Amino acid sequence: MWKIWSVLFTAPAIIIATILMGLISLITSLWDRTGFTQHRVARGWSRILLALGFVRCRVTGVEKLDPARGYVLVANHASYMDTPAILSSIPLQFRFFAKRGLFSIPLLGGHLKRAGHLPVIRDDPRASLKTMGEAARMVRERGISLLLFPEGGRTPLQMRPFREGAAYVAIKSGAPVVPIGLTNTRSILRMGSAMVRGGEIGIQVGDPIETKGMTMQDRGRLNQMLQDQVAAMVRETPTPE
């Protein structure tokens, strides 16, 4: 029955909500160039999306975060539900990296650009390094947090080893880096499926790790530390594909 309900109600309702909230986001960007209002609109969209899918979020450790500080947030990535879950539950102004192709989608691409999110550039190492430098400067100078999924994409079965980009941005910005473990998003919305299944998502916020005093030589060690902590939270062993 949940499959029928998802096809007939949940999916169409999510599409309509996304279009309406996308329009609202574009309108607010006419007078707010900081992206702050767009972020609040995105939080509202996330909560609507979760409610339509009968999805609840159980959050622990959020009291470890200081809303007045900028952080580099690092999480595992198993589903398209990961970003809405974090948006709805983490009380910080943050931006994130998104696939470059998403920036060309009507409404969604406009929101991403105007809100200040950053494209993932995999085929041009120099451009990728420049974008990561811009992200670090945003965190350092504006105090806006940044969300990254270091596995490099969604994982259908098991965590993958972390790439070092998140550790690079954290060290370059000098901001604390925060491991976040997401559980059960894979069963809520599986890869290759448009059907949302109701349930509970677990979001565990780990202890912030200070990066002041670290150099780029510490990047590998920090990356391994983040990977180990997230893997322990979600109880998965990172396995290369």
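## Q38 and its polar contact

A polar contact is a pair of N or O atoms within 3.5 Å, and within protein one of the two must be able to donate a hydrogen and the other to accept it. In this predicted model, a polar atom of the Q38 side chain lies 3.3 Å from the backbone oxygen of D32. Q38 is found in helix α2. Its relative accessibility is 0%, and buried means under 20%, so Q38 counts as buried.

## Helix α2

Helix α2 runs over residues 36-52 and has 17 residues. At 1.5 Å a residue it should span 24 Å, and its end C-alpha atoms are 25 Å apart, so the two values agree.

Besides Q38, the buried residues of α2 include T37, H39, V41, A42 and R43. Further along the helix, S46, L49, L50 and L52 are also among the buried residues. F54 follows α2 and has a positive phi, near 55 degrees.

## A115 at helix α4

A115 lies in helix α4, residues 108-115. A115 has a relative accessible area of 4% and is therefore buried. Leaving out residues up to four places away in sequence, A115 touches T34, G35, Q38 and R95.

In soluble globular proteins, nonpolar side chains tend to be buried together. Here the largest nonpolar core has 34 residues, and L73, M81, I86, I90 and F94 have the most contacts inside it. Two or more residues each come from α1 (2-28), α2, β2 (72-75), α3 (82-89), β3 (94-99), β6 (177-183) and β7 (199-205). Helix α2 gives the largest share, 4 residues.

Another core, of 30 residues, lies apart from this one and has F97, A166, A167 and L226 among its members. As for I90 of the largest core, its contacts beyond four places in sequence are R43, V62, L65, L73, I203 and V205.

## Helix α5

Helix α5 covers residues 125-142, 18 residues in number. From the first C-alpha to the last it reaches 25 Å, close to the 26 Å expected at 1.5 Å a residue. G143 follows α5 with a positive phi, near 70 degrees.

The buried residues of α5 are S128, T131, M132, G133, A135, A136, M138 and V139. They pack against the strands β3, β4 (118-120) and β5 (145-148), and against helix α6.

## S173 and helix α6

S173 is placed in helix α6, residues 165-173. Its relative accessibility is 7%, so S173 counts as buried. The S173 side chain reaches the backbone nitrogen of A175 at 3.2 Å.

Neighbours within four places in sequence aside, S173 is in contact with V72, A136, V139 and R140.

## Aromatic rings

A search of the whole structure finds 0 aromatic pairs. The ring of Y80 does have a charged group over it: the charged end of R154 sits 3.7 Å from the ring centre.

Key
Residues are numbered from 1 along each chain as its sequence is written. This is a predicted model: local features need pLDDT of at least 70, side-chain atom pairs count only at pLDDT 80 or more; totals for chains, interfaces and linings use all residues. Side-chain values use heavy atoms; hydrogens and water are left out. The expected span of a helix is 1.5 Å times one less than its number of residues. Buried means under 20% relative accessible area, exposed over 50%, partly exposed in between (1.4 Å probe, protein chains only). Contact means heavy atoms within 4.5 Å. Rings of Phe, Tyr and Trp (its six-membered ring) pair if their centres lie within 6.5 Å; planes under 30 degrees apart count as stacked, over 60 as edge-to-face and the rest as tilted. A charge sits over a ring if NZ of Lys or CZ of Arg is within 6 Å of the ring centre and within 35 degrees of the ring normal. A nonpolar core is a set of buried Ala, Val, Leu, Ile, Met, Phe, Trp, Tyr and Cys residues joined through side-chain atoms within 4.5 Å.
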